[in-house]
Structures are given as structure tokens and as C-alpha cells.
Amino acid sequence: MQKTTHLFKSFFIEVGELSYFAGRFFREVFSRPFEFKELLRQCYSVGNRSILLVGVTGFIIGLVLTLQTRPTLEEFGAVSWMPSMVSISIIREIGPVIIALTFAGRIASGIGAELGSMKVTEQIDAMEVSGTNPFKFLVVTRILATTLMLPILVVFGDAIALYGSYIIENLKGDVSFVLYFNKVFNALEFSDIIPATIKTFFFGFAIGLVGCFKGYNCEKGTVGVGLAANSAVVFSSMLLFVLDFIAVFVTDIFFEI
Amino acid sequence: MNQKQHIHEVEGLSTKTRMLEIKDLRKSFGNNHVLNGFNLELFEGENLVIMGKSGSGKSVMIKCLVGLMQPDSGSIRVMGKDITKLNRVELDDIRTEIGFLFQGNALYDSMTVRENLEFPLRRHKQKFGDIKDTTPLVTEALESVGLAHTMDLMPSELSGGMQKRIALARALILKPRIILYDEPTSGLDPITSKEIIELMRRVQKQYKTSSLIITHDVDCARVVSERMILLVDGTNYAEGTFAELASSKDEQVKAFFK
């Protein structure tokens, strides 16, 4: 019982500290000086480090989803619905969530480990002494970079996933590229694309925020660096599912009205 | 009456400008009272060594000095300005006059040696202006530590002693008037330690800096110090020249020099 109380207590303390950290981000993001050069460097780094992973993941999602669904649709004589079904699943849910999860695995752990090791080796202190606000230089730029880059990566990953799906359809059903993508765009509506894209900004923000929070508050030497990297992935992945639920819930309410 | 020993000032120091002045500095972490009314004066051109056991509050004191930690009470004046009352811009301004050599060097490991040295230059534009070509300043700082050839290497490609020298070059690049050394010889072999101590003396002559050196290395203190303060339980236990303290009859003081 005491252990459970302690767990709950530490969870709420963690959430409180994370909220305070997010509040500091919003205070610092709008105040001068702006670290544009570092932001661009981080955007390039975050995007470049993830693009291959996102491409491969997207491609495999497209292949697998089509291969798994085909037999069922064939049974009902509804194979012609394949592009519509696959595109809606990928654009609305599977693409953003799976790509955000792989992004979290790659980027949140990287940020957690990088900032954690900077913290334990006093590099963050050295930055402060050098007249730089380390929060602005390290944290704000990284959170902005993940927030801006994830939606672009998701769009890229979704496109690759649809292309993967097309390849299977082309091989198995002899469907042309133009026909397949005509059916995809006929099925998709703005109400599928816009909410799905908006939620990826929140996913990106959450991944950057948790990675930076864990790394920036890293303690206990090199062991702490490992813990920071590990818990950054676990916590950000959990947060993604919570955010996804909220996003779907809000979208549902919005479109029912 | 406690055992506090006040072996007083080396002659002539009181007439010099005070670069640093700490009065009644206190800092606690929960129930752990790390600094209990520590006092310090560093005069222009002086080498002052602070010696103390691990956990005696040396690093906390030096972090309070550059504004990395806020003291609970007391005043810290750097070149006449109380840094506990400065805003961020004013604090950054005063930091251009302080070079800090970290215990673990704190070189940015994702940057080359050149980028490490350029970093403070680009940040403190108010001192040097917006420098287009930083190469002459970087080269000068690297030459002063004898490592001009390492400019394009990464810190991980350098030995511990070389990293320490690069960290010193980075501390010197803004041409500060005060240098703070946090355990400059810790983790180094005896030969490299001697080289670093010699370098510290050479740098002080070349750049005419005032130095505050935190160490528990007696050899370093003997060679470098002009005056010493022994820090025990977060307060000044004894003060004087190396020779004065080394010949003290006080058991606690003698323990430092065994």
C-alpha cells in the first residue's frame, strides 16, 4: 500500500515538474534572443536522423496492411475498396502513431542521452558561464525542431506507406498507379487529413519535451544518462497514446456537432 | 572559542584592488549546511588557493561565484558588483571577465576544438563585437597552451591533459581578468599535473589575471599559491601563505599537508 502511494506521489510530482518545464518553454520561446541558427541545425539533425527510419517504417506499414487486408476484402468481393480503406487507416491513425513511436524511439532517447551527458559533464554549466541561456539554446531549439519536423516526416511516411500499398495492389490486382491514387484521393477528405496532421504537431512537441525534460534534469552520473534515455522513450511513448486518445476524442466531438 | 586561526594578510595586498569579495556566504541543501559564513577576498594579480576536503563546499562556493547557484545569504562582489543582485544581462556581462576551468573540463563534445573556443566569442559580442574571422583569437589562445595544431580535432581525440589545456584556452579566449580553477590537476598523472601547474603560472604572467584555485593537491598549492584559505565545515578555518600554514601546529591544518 505504501509502495503504491509512493508510486502515485512520484508520478504526480513528475507530471508537475514536466508541466513546469513546459511552462518555462513557452516563456522562453517568445523571448529574445532567438537561436535561429541552432534551430535550423536541430531541424536538419532531427529530420536527417529519422528520414530513413520513417521511410522504411512507412513502406512496411503499407505493404503489411495491404497484404493482411486483401484476403478479407476478397472474401466479400470488396477489393476495389482497398485504396480507400488503406489510405484512411494510414492517414488518420496508423501513419501518425507508428511513425511518431519510431520517431520517439530514435529522437527522444537521443535527446535524453545527449542532454543528460551534457548535464553530468558540466557542459550545460559551461554554456551558462559562456553567456548562453542553455535552456533556450538546448531545450527550446530541440522542442521546436521535433514539433516542426514530425508533421513533415509523417506526411513523408504516409506517402511512402501508400506507395507500398500500391505496389502490392499492382502486383496482386494489376491496378495502375493513376487508378490507385485516384481512388485514394477520392476517399480522403479534409476531415481525415487536417486533424491527423494537427495531432502530429502535439506528438512532436511531446517527444521533444519529454526527451529534453529527462535529459536536462538528469542526475546520478553516467547511470542517470542511461535512465534518462530509457525513460524518455517510455514516457514519451505513453504520452503519445494519451494524446492520440484525446485527439481522436476531440475530433469525434467536433465532427458529431 | 573555536580553533579558527587567522594568519593574516600577506603584506601589501590590502592596497590592491579587490577583484572578488565574498562575505558571510551561506548555502544549504535541506539539512546539509554546506557553506556556513564563508569569507574571501581576491586581490588583483593574486593567486589564491582554497583547500578543503571533499564535500567541504569548495565547488558550491565557486558555482555561487559565477551565478550557477544562488546562495541562501551573503554577498558576492565581482569587481565591485554584487552578482546576487544582477539581472541576466548584467550577469552575462560580468561573466566575460571571469574564465572558469571546470573540474571535468566541460568541453562540448559535439564540437571541434575550434568551435569550442569560438562559442564564448560568438556569445559575448559586447566585448569583441561581431567578429567575422575568429581564427586569430582562437590561434592565440591555443598557442598560449601549446596546442595550436589541435584546432580541427574533436575533444574525444585528445588526451586528458590536452583536454585540460583546451579547456584553459577556452577560459582564456575572452581575456578575462579573473580565472577560477576547479580542481585543475584532478584525474591527471603527476607529470601532466606539473605541466598544467606550470601552464597556470605562465598564463597568469601572460594574461595578468587574478586566479582563484580550488584544489586538494598540495603540490599544486605549493607551486601556485601566494595565499591560501583552508575551508573546513563550510567556513574559513585558516588563512595564510603556504609556508605559514604548512608549519602550523594545528592538527586540522597539519592534516592537509601530510
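Burial is a handy place to start: of the 258 residues in chain B, 43% count as buried. Keep in mind that you're looking at a predicted model. In secondary structure terms, chain B has ten helices and eleven strands. Its radius of gyration comes out at 18 Å, close to the 18 Å that the globule rule gives for 258 residues, so chain B is as compact as a globular protein of that length. If you want a box for it, the C-alpha atoms of chain B fill one of roughly 60 × 45 × 40 Å along the principal axes. As for how the chain folds back on itself, take the contacts in chain B between residues at least 6 apart in sequence: 69% of them join residues at least 24 apart.

Now for the sheet. Four strands of chain B make an open sheet in the order β3-β2-β5-β6, with antiparallel pairing. The edges belong to β3 (32–43) and β6 (81–82) of chain B; each has a single partner strand, so one side of each is left without a neighbour in the sheet. Further in, β2 (residues 18–29) and β5 (residues 73–78) of chain B run antiparallel and are joined by five bridges.

Finally, the interface: ten residues of chain A are in contact with 14 residues of chain B. On the chain A side, that contact surface has two nonpolar, five polar and three charged residues.

Terms used
Residues numbered from 1 in each chain as written. Chains lettered and ligands numbered in written order. Predicted model: local features only at pLDDT ≥ 70, side-chain atom pairs only at ≥ 80, totals over all residues. Contact = placed C-beta atoms within 7 Å. Nonpolar A, V, L, I, M, F, W, Y, C, P; charged D, E, K, R; others polar. Helix = DSSP H or I, 4+ residues; strand = E, 2+ residues; numbered from the N terminus. Rg over C-alpha atoms; globule rule 2.2 N^0.38 Å. Buried ≥ 20, exposed ≤ 12 C-beta atoms within 10 Å, placed from the backbone. Pairing = 2+ DSSP bridges.
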